[in-house]
Amino acid sequence: MQIKVASRLNLLPPYLFAELDRLKREVQQTGVDVISLGIGDPDLPTPAHIVAALKRTADLPVNHRYPDYQGLDRFREAAAGWYKRRFNVTLDSAREVCALIGSKEGIANFPVAVVDPGDIVLIPSPGYPVYYSGCVFNGGEPYYMPLRKENAFLPDLSAIPAEIVRRAKLMWINYPNNPTAATAELPFYRDVVAFCLKHSIILAHDIAYSEIAFDGYQAPSLLEIDGARECSIEFHSLSKTYSMTGWRVGFAVGNAALVGALGTVKTNVDSGVFQAVQEAAIEALTGGDETLHQYCAIYQERRDLMVAALGALGLQCATPRATFYLWVETPKGYTSVSFTERVLRETGVVITPGSGFGKGGEGYVRFSLTVPSARLREAVGRIQALRL
Ligand code: MLT
């Protein structure tokens, strides 16, 4: 029988990071020592006290049963406590916090809760590919908000046509930003909240990178803005902050009706986060940030090394205040894909083409700082040999 899959699958380009993985394996199979600066997957291990909490609780039979759909009360209280400490935002943990199987899961499922066929979803370009897939899986129409260097990689709300604004149901924003590494401050959040309230648009903020910050920078939360809670939801992840990408745990916070609607979707499609992982996450959120600070210092050293070394090769990028990414201008004569392909095939270094994050990413490539400094130096040395 010829299997005919649902037409929505035809709306998707190949998933960027799966495609990069495939290319990486292809080159690895030819015997090349590949250095992967592709996906943002921390090489630094999950802090030991968090792993110990998993080990302690994984043995307990109470944790072997179905977890609570929206997360253990104690997990949600820990997330609310963390928001209070970190952003001075007070959350009702019972109504305004929902556990996620990683923020990607929440970002993909949220449109099921709020997007009807024909609704416009405002998506940053470049942007994390899941904003697009969540939109089109639910019959939404994406409208791209370009993130341009001249606007400090913030969307220009005044450039969105009135008819698009009228039909828009949901807007995604993401700061500190993947892939541009740009940051946003409270005046921007104030403007975007006012815009969304004025036009009845739900505002969803992906804040996965808020804790990977340098030079004393502290990223704000959208929920610090008066009125934000009337229209907003924020998606947080433990993946980057605590080097827990493989654990799959995050949480959504904000407007109780939005958090509740997401919870309703999740109750129908998954059965929650393994409770021992929630116990480990509670330890992460309450057990002190000593390791996080050490890790940020390591990323900062790598950032400084790479900004200088790439600059010496004529590859320009700003020095980011947050995230472990560098958003580097593609050298003359290349598209982001042709440059990425040449670098991979001739040096074994995996970087991510900006266009993989949408049309707005053309003209740039992304380097992840998720390998040790010695490997970064090795990668730059190999790229130097290309004599760009
Ligand atoms: C990235 O490399 O952009 C992200 O790490 C991918 C992800 O978080 O799923």
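In this predicted model, the domain assignment divides the chain into domain 1, which comprises residues 10–39 together with 290–384, and domain 2, which spans residues 48–286. The C-alpha centres of domain 1 and domain 2 are separated by 25 Å, and the contact between them draws on 28 residues from domain 1 and 32 residues from domain 2.

One of the sheets is open and consists of seven strands, arranged in the order β2-β8-β7-β6-β5-β3-β4 with mixed pairing. Its edges are formed by β2 (97–100) and β4 (141–146), each of which pairs on one side only, and the twist from one strand to the next averages 20°. Helix α8 (residues 256–269) packs on this sheet, where it touches β2, β6, β7 and β8 (250–254), and the direction of the helix makes about 35° with that of β2.

Within this sheet, strand β6 (residues 202–206) is largely enclosed by the rest of the structure, because five of its five residues are buried. In a regular strand, the side chains alternate between the two faces of the sheet. Both faces of β6 are covered, with I202, A204 and D206 buried on one side and L203 and H205 buried on the other. Strand β5 (residues 168–174) pairs with β6 in the parallel sense over five bridges; W172 has A204 of β6 as its bridge partner, and N174 stands opposite D206 in β6.

The pairing of β11 with strand β12 (residues 364–368) is antiparallel and extends over two bridges, and P353 stands opposite V365 in β12.

The C-alpha atoms of Q28 and G348 are separated by 8.0 Å, although the two residues are 320 residues apart along the chain. Q28 counts as partly exposed, with a relative accessibility of 37%.

The cysteines were also examined. A disulfide is a covalent bond between the sulfur atoms of two cysteines. A search of the whole structure finds zero disulfides. In the case of C98, the closest cysteine sulfur belongs to C231 and lies 19 Å from that of C98, which is too far for a bond. C296 is likewise in no disulfide, the nearest cysteine sulfur being that of C317 at 18 Å. Both residues are shielded according to their accessibility values: C98 is buried with a relative accessible area of 0%, and C296 is buried with a relative accessible area of 7%.

Technical notes:
Residues numbered from 1 in each chain as written. Predicted model: local features only at pLDDT ≥ 70, side-chain atom pairs only at ≥ 80, totals over all residues. Heavy atoms only, no water. Pairing = 2+ DSSP bridges. Helix = DSSP H or I, 4+ residues; strand = E, 2+ residues; numbered from the N terminus. Buried < 20%, exposed > 50% of the residue type's maximum accessible area, 1.4 Å probe, protein only. Disulfide = S-S within 2.5 Å. Domains from an automatic or database assignment. Contact = heavy atoms within 4.5 Å. Axes fitted to C-alpha atoms, helices over the stretch in contact; angles between N-to-C directions.
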